[in-house]
Amino acid sequence: MNETLFYVLAGLSVFGALATVMTVHILRSAIYLMGVLCLSASFYVLLGAEFLAGIQILVYVGGIVVLLVFAVMLTRSDDLDEDRPTWPRKIVGAVGALSFFSVSAWLLSQSPFAEEKVLETSNVDIKSIGRALLDTGSNGYVLPFEVVSLLLLAVLIAGIVIARKEPQ
Amino acid sequence: MLFHWVLLSLALFSVGIYGVLTRRNAVGLLISVELMLNAAAINLVVFNRYVAPAQVDGQVMAIFVMALAAAEVLVGMAILVMLFRKRKSADVTKMMGLRH
Amino acid sequence: MSIIENPWIIPALPLFSFLIVGLFIRPVSGKLAGIFGTLSIFCAMVAAYTLAWQYFSLDHHGGGARSALLPFSFEWLRFMKGMTVNFGVMVDSISVMMLTVVTTVSFLVHLYSTSYMHGEDGYGRYFTYLSLFTFSMLGLVVAPNIFQMYVFWELVGVSSFLLIGFYYQKPAAVSASKKAFIVTRFADLGFLIGILVLAYFGYQVQLGGVGVNAGQAVDFTFLSNPEVLTKLNEMGVLTLALILVYAGAAGKSAMFPLHIWLPDAMEGPTPVSALIHAATMVVAGVYLVARLFPAFSAAPNALEVVAVVGLFTSAFAAIIACTQDDIKRVLAFSTLSQLGYMMFSLGIATMEEPLGYTAAMFHLYTHAFFKALLFLGAGAVIHSVHTNDVWKMGGLKSKMPITHFTFLIAVLAIAGIWPLAGFFSKDEILSAALESHRYFHFYGGLVIAGLTAFYMARIYFLTFWGKARSDNASHAHEASAVILIPLVILSVLSCTTGWIPFAHFVAIGRELPHTGINMAVAIPGTLVAVIGLLASFFLYRTGDAKTVDGLVSGFGGLYRVIKKKFYFDEIYLFVTHKIIFRFVATPVAWFDRNVVDGGVNLSGWTTRKAGYFLTLMQTGQLQTYGVWFVLGAVVVSTLFWMTVN
Amino acid sequence: MGILSWLVIVPFLTTVAVIATPNPKQIRWVALFGTGIQLILTAVVAMKFWALAGAETGEHSMATHLCMVEQFDWFKSLGIQYFLGIDGISMSMVMLTSVIIFTGVLASWNVENRTREFFALLLVLVTGVFGVFLSFDLFLFFTFYEVAVLPMYLLIGIWGTGPKEYSAMKLTLMLMAGSAFILVGFLALYHTAGQSTGVYSFDLTKMAAFQYPTEMQAWVFPMIFLGFGVLGAIYPFHTWSPDGHASAPTAVSMLHAGVLMKLGGYGALRIAVYLLPEGAKEWALFFMGLTTINILYGAFGAIRQKDLKYFTAYSSVSHCGVVLFGIATLNMMGLKGAVLQMFSHGIMTGLFFALIGMVYGRTHTRIIPDMGGLAKVMPWLAVCFYIAGLASLGLPGFSGFVAESHVFMGGFFGNAWHSSTATRTLTILAAMSIVVTAVYVLRGLGTVFLGPIPAYHEGSHHDAQGTHGTHGTHGAHGAHGAHGAHGAHGAHGAHGVNLAKLTDATFTEKLTTGILIACLALVGVFPQFMINLIESSIYPILNRLH
């Protein structure tokens with residue numbers, strides 16, 4: 001049951017991603033992205049990371065994509081409203097992406113990951129995530145956590161500084 | 001099953017690469033990057049689930065990825081908006097001021 | 001102070017004069033330069049005669065050659081251990097003889113020039129050059145080794161160059177000076193290589209323990225040592241080396257086929273022609289062969305070359321001299337002819353039959369005076385009529401009596417009329433040829449003597465007899481006293497020097513049994529001279545060109561060929577300009593600019609183009625880099641995987 | 001601080017002083033003062049050297065032979081030292097450099113454009129040159145070598161004439177390519193010696209104590225020799241020289257041909273032959289052949305040149321060939337002759353370029369056929385030119401003769417390792433250059449100085465005459481002052497300059513030429529003192545060859 005669901009969702013997700021990068025209208029692209037991200041959240045659920053799924057919806061879909069949509073609205077220009085890459089560009093991109101995909105897939109198939117493994121049950125909960133994030137011990141992530149928070153603060157300020165209108 | 005999960009994230013990542021290589025619009029570019037980041041995040045969680053189910057490190061990493069993605073988009077958009085104000089265009093192929 | 005212990009003073013005086021005049025006096029006053037130069041060369045002349053007197057008063061232990069002294073010598077250049085060049089003054093009979101000749105003629109020419117060059121632009125410069133020349137010539141004469149000889153050889157070459165090109169604004173003089181320098185330089189290349197050969201093999205001989213006490217490998221004493229010469233002959237290099245050295249001598253003495261520079265050298269001031277291109281420098285080649293005579297006599301083939309080339313040049317030049325109209329050129333060809341005479345005289349001598357050696361030196365000695373006299377006399381005439389063309393002169397006998405008289409003496413002297421100097425020396429050369437049974441040379445010499453008498457009388461008659469054939473000639477007047485004094489002195493010398501018992505002073509090998517006149521030679525010699533003079537008298541007495549026209553047209557094309565000097569100038573011009581310049585220098589220059597430099601530029605161009613193509617990859621577009629990045633990553637991971645497995 | 005360090009420091013301090021001098025008018029005086037001090041310092045060093053080393057000859061090694069050594073560690077871990085010393089070869093080169101820079105400053109008395117930078121760069125260059133001649137540590141040597149080579153780019157690129165950017169670029173790139181070879185060679189030597197002995201050192205005397213494997217010498221020798229050969233204008237890597245010299249300003253040409261090209265010969269002798277005797281034996285005949293080509297090719301090339309500077313540059317190629325030819329003979333006379341030729345050619349070509357600068361400053365053309373009869377109006381310069389020319393064709397009495405006779409003698413004597421037939425044939429071929437040199441020198445100089453003065457300004461050049469007629473009355477200053485204004489006019493040849501009205505040398509110019517001629521004549525007339533100086537320092541090199 002879960003497997004069937006996975007393949008369906010995976011198919012949808014890849015299709016959505018392709019739609020995201022291929023669509024001509026940038027706004028639609030953002031909407032497709034939103035779809036892909038939502039599907040990703042469902043993958044997290046399948047993987048037993050419900051908390052992550054929640055964050056995915058909140059941060060990604062709610063924050064980032066909305067930001068993107070705003071940006072698209074703000075920077076509408078006639079020549080780019082429809083982003084039609086030229087054929088050479090498409091071919092080069094496709095060759096690059098496909099060769100990357102095929103080589104990586106081939107490499108993966110050679111690796112031990114390709115073998116079937118018994119899925120162990122997991123019993124992690126939100127609490128343990130929180131503990132890991134704020135743990136000061138050797139397995140804890142408090143330092144990166146603080147760094148990221150600093151980064152976000154800096155980005156916040158930087159965003160304002162860069163994007164504000166220059167005083168006349 | 002793990003292989004298929006990884007294949008999924010690889011597929012999403014490759015599609016992201018395609019987008020990065022073809023998009024001319026800076027916003028489109030960022031969207032593609034988001035796709036790739038998302039694929040990476042999925043990968044992290046998958047490996048967390050299949051390799052070390054008792055731990056949460058993969059999930060924590062995924063959270064960091066999201067945070068960084070947010071930061072990146074924010075800065076990217078800020079630069080974009082400013083550039084757009086100056087050049088009235090978001091076409092990255094025309095942004096080559098650092099080349100010469 | 002005894003001169004014989006300090007003979008360096010003789011070359012030092014003109015050197016001193018050169019430096020003082022050139023650096024300090026010349027810029028201030030030209031006149032003073034002339035006086036100073038003349039005085040210092042006068043002192044040198046006095047010193048030279050004192051030296052001669054002192055040297056020849058030394059005990060002479062019988063035999064041919066007098067012993068050579070080396071009273072002054074210092075190390076000038078050390079090539080390496082056992083290979084040193086000393087500078088010094090070698091005093092022996094021929095160097096003493098040459099010292100007196102050079103200083104005498106040089107002094108007289110200096111004196112003559114103070115008047116002759118009066119009012120010329122560059123008067124002081126002229127005397128500076130003359131001093132330089134005299135110094136170099138004296139240094140050459142006293143050289144105790146072949147290397148010093150070469151050094152001064154080059155210096156006389158350059159002073160000759162400077163003096164020929166004295167009228168540097170006259171293109172003819174400029175090109176003549178260049179020609180003289182380059183032709184002699186070409187010959188000097190042979191000389192230089194000859195020196196290299198002699199030095200190297202001499203050094204090897206010394207390493208072999210032979211002739212260690214005979215001096216350095218380049219010393220003349222070493223090269224005269226019989227053991228050394230035998231050893232060099234065994235190595236099979238002596239003949240080659242001497243022929244190479246002879247090439248240098250032939251260049252300086254203008255032997256065929258390197259004679260072409262001498263006639264052109266007449267573009268220089270006439271006193272210079274008298275000094276350098278008649279009396280002194282051009283005999284340096286003869287002197288060199290005489291210096292190396294012991295070596296030459298050990299290499300009969302080399303000596304044969306000297307003899308043959310000498311005779312040929314002598315005849316060749318005499319024939320050309322009969323057709324030239326420029327008085328100085330006739331004299332130049334006559335010089336060539338006489339130099340050839342000396343050369344063949346040396347060439348037929350051997351250590352066993354050394355009369356030719358003495359005779360050559362004797363002829364060198366007498367020739368210096370009467371040829372200088374001829375040139376100076378011609379100079380006086382040219383000064384007066386302002387042309388070199390004998391057909392534009394005529395009738396000067398009465399207008400320039402003293403010049404005429406001295407010139408006549410010189411003509412008779414060179415023609416070989418008793419009792420003038422030329423008679424004795426020519427007689428000795430011919431008897432040398434006869435005694436060594438070189439009949440070809442003997443008869444050749446006789447014919448040349450006749451030709452000499454003919455062409456000398458020709459210019460004499462054309463210049464002084466008949467009627468004046470141009471305005472300038474009819475308004476000619478006698479030269480100034482300062483010009484006439486040297487002429488008179490030289491004519492006295494031309495009369496008297498023949499009576500010197502030369503073999504007593506200059507000889508080599510065995511002692512010469514007789515010094516008297518050989519009637520078997522004197523009678524035919526005088527006869528041909530008289531025939532030549534008479535033929536000339538009948539043809540040119542009146543100075544009427546019609547008299548000779550018949551003869552000229554009788555010879556037809558041959559005459560034209562001779563008149564054009566057998567087209568040697570044209571041949572040389574063709575070889576240098578058309579072949580060397582066009583087929584060597586121009587292609588080299590082209591090759592350098594286009595091929596070698598083209599190669600350099602090509603590498604630069606390739607680099608630039610490669611760089612340009614690489615910049616095409618650097619679009620500045622993130623996405624382009626992305627493509628490369630992705631493809632690179634793909635390639636790397638493939639390779640990585642393939643190597644790991 | 002030893003006296004040798006001062007030889008390097010004084011030019012550097014002069015550079016600093018030049019930069020710090022407030023008034024641009026005083027800069028040349030500061031430079032002259034500094035180089036004057038350098039000249040005196042050189043004389044002092046020479047005296048000292050004489051006292052220390054004058055007497056010894058014969059068998060000794062370089063290490064014991066060096067004088068006034070200053071040696072301390074620079075980068076100890078890498079075995080790099082600050083190691084200055086002097087021997088006869090260095091001494092003669094230092095003397096040459098001091099004279100050339102002093103006269104070079106005099107010859108650039110009238111540089112108006114960016115005077116400060118010009119003199120500063122010139123002095124930096126000279127600092128490097130002195131450093132090279134005194135260094136006995138290969139790393140230090142290379143450092144100074146680069147310091148000496150690089151300023152040339154700016155000097156030609158900024159103050160040059162004609163296609164100066166091209167020339168400067170070509171020169172620098174070719175020399176840099178040579179340096180690359182040299183550097184690789186040095187590192188190979190350093191590494192090999194270090195690996196075998198365990199002591200890594202760039203110390204020349206220590207490296208000389210190590211016997212390099214013959215196979216290694218066989219490939220390192222040509223590399224280093226050619227690397228230096230590029231600077232010594234070895235065929236076919238000489239083409240930077242004509243273009244570079246033609247474009248460079250006077251003093252730069254003087255320094256470049258006079259001194260910098262000597263670095264090539266010096267390095268080839270001091271490092272390539274000294275450290276790699278086996279390689280030298282293997283390759284000497286090849287290089288002898290190559291340099292014979294140099295000698296003849298340069299001479300024949302010079303015949304056809306129309307530009308005085310190209311003319312001199314080709315003659316330099318020929319004469320520098322004599323230097324390398326002498327080195328390739330591998331015997332006492334040849335090596336000594338090479339050093340003598342370096343000195344002699346340095347002075348001679350310095351004189352040549354100085355004179356060309358002076359003539360060009362007056363006529364505003366360097367094209368030989370455009371000139372004529374200048375001896376009439378500038379007798380001093382003509383005499384000096386002829387002296388330089390005669391010296392270059394090897395007239396006895398000038399140093400060139402002494403040097404060339406040594407080299408030819410050396411070539412003819414040959415050495416134990418090569419067929420004497422081959423070396424002799426090559427020597428005879430090379431000796432032919434004395435004739436060809438005579439041809440081009442006399443032709444070239446004859447055209448410029450002798451004959452009638454060509455008449456310009458007939459008919460259509462009236463206005464030109466009007467503007468330029470003042471030259472004669474202004475004297476030399478007028479001629480130089482007009483230089484800048486003339487920049488554009490220079491291109492169309494001598495039109496616009498009345499050759500008959502030009503003036504002779506000024507006092508500064510007479511001083512410049514006088515000093516150089518005195519050096520030429522001094523060595524030419526009394527060669528023995530130079531020979532004494534050099535000979536004892538050749539022995540260490542010869543001893544390693546045997």
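Reply: Happy to, and we can go chain by chain and then look at some details. Keep in mind that this is a predicted model.

Me: OK, chain A first. How many helices and strands are there in chain A?
Reply: Chain A has seven helices and zero strands.

Me: And how much of chain A is buried?
Reply: Of its 168 residues, 26% are buried.

Me: What does the domain assignment of chain A give?
Reply: The assignment gives domain 1, covering 1-76, and domain 2, covering 123-168. The C-alpha centres of these two domains of chain A are 23 Å apart.

Me: Now the chains together. Which pair of touching chains has the most contacts?
Reply: That would be chains A and B, out of four pairs of chains that touch. Chain B puts 59 residues into the contact, and chain A puts in 70 residues.

Me: Which element gives the largest share on the chain B side?
Reply: Helix α3(B) does, with 21 residues. On the side of chain B that touches chain A, there are 43 nonpolar, nine polar and seven charged residues.

Me: What about chains A and C, how many residues are in contact there?
Reply: Seven residues of chain C are in contact with six residues of chain A. On the chain C side, five are nonpolar, two are polar and none is charged.

Me: And where is chain D relative to chains A and B?
Reply: Chain D has no contact with chain A, and their closest C-alpha atoms lie 39 Å apart. Chain D has no contact with chain B either, and there the closest C-alpha atoms are 22 Å apart.

Me: Changing topic: how many residues are in the largest nonpolar core?
Reply: There are 445 residues in that core. Those with the most contacts inside the core include V286(C), L346(C) and A272(D).

Me: What does A272(D) touch?
Reply: Leaving out neighbours within four places in sequence, A272(D) is in contact with F221(D), I224(D), F225(D), F228(D), G267(D) and A280(D). Another core, of 75 residues, lies apart from the largest one, and A30(A), V27(B) and V627(C) are among its members.

Me: Let's look at chain C. Is helix α14(C) mostly covered or uncovered?
Reply: Mostly covered, since 16 of the 22 residues in α14(C) are buried.

Me: What length should α14 of chain C span?
Reply: At 1.5 Å a residue, its 22 residues, 300-321, should span 32 Å. The C-alpha atoms at the ends of the helix are 31 Å apart, so the model agrees with that value.

Me: I clicked on Q338(C). Which helix is Q338(C) in?
Reply: Q338(C) is in helix α15 of chain C, residues 327-348.

Me: Why does Q338(C) count as buried?
Reply: Q338(C) counts as buried because 29 C-beta neighbours lie inside 10 Å, and the cut-off is 20 or more. Not counting residues up to four places away in sequence, Q338(C) touches H367(C) and K371(C).

Me: Last one, the strands. How do β1 and β2 of chain C run?
Reply: They run antiparallel, with eight bridges joining β1, residues 69-80, to β2, residues 83-91. As an example, E75(C) has N86(C) in β2(C) as its bridge partner.

Me: And what is G82(C) doing in that hairpin?
Reply: The hairpin has two residues between the strands, and G82(C) takes a positive phi near 80 degrees.

Methods. Residues numbered from 1 in each chain as written. Chains lettered and ligands numbered in written order. Predicted model: local features only at pLDDT ≥ 70, side-chain atom pairs only at ≥ 80, totals over all residues. Core = buried A, V, L, I, M, F, W, Y, C linked by C-beta atoms within 7 Å. Buried ≥ 20, exposed ≤ 12 C-beta atoms within 10 Å, placed from the backbone. Contact = placed C-beta atoms within 7 Å. Nonpolar A, V, L, I, M, F, W, Y, C, P; charged D, E, K, R; others polar. Helix = DSSP H or I, 4+ residues; strand = E, 2+ residues; numbered from the N terminus. Expected span 1.5 Å × (residues − 1). Domains from an automatic or database assignment. Pairing = 2+ DSSP bridges.
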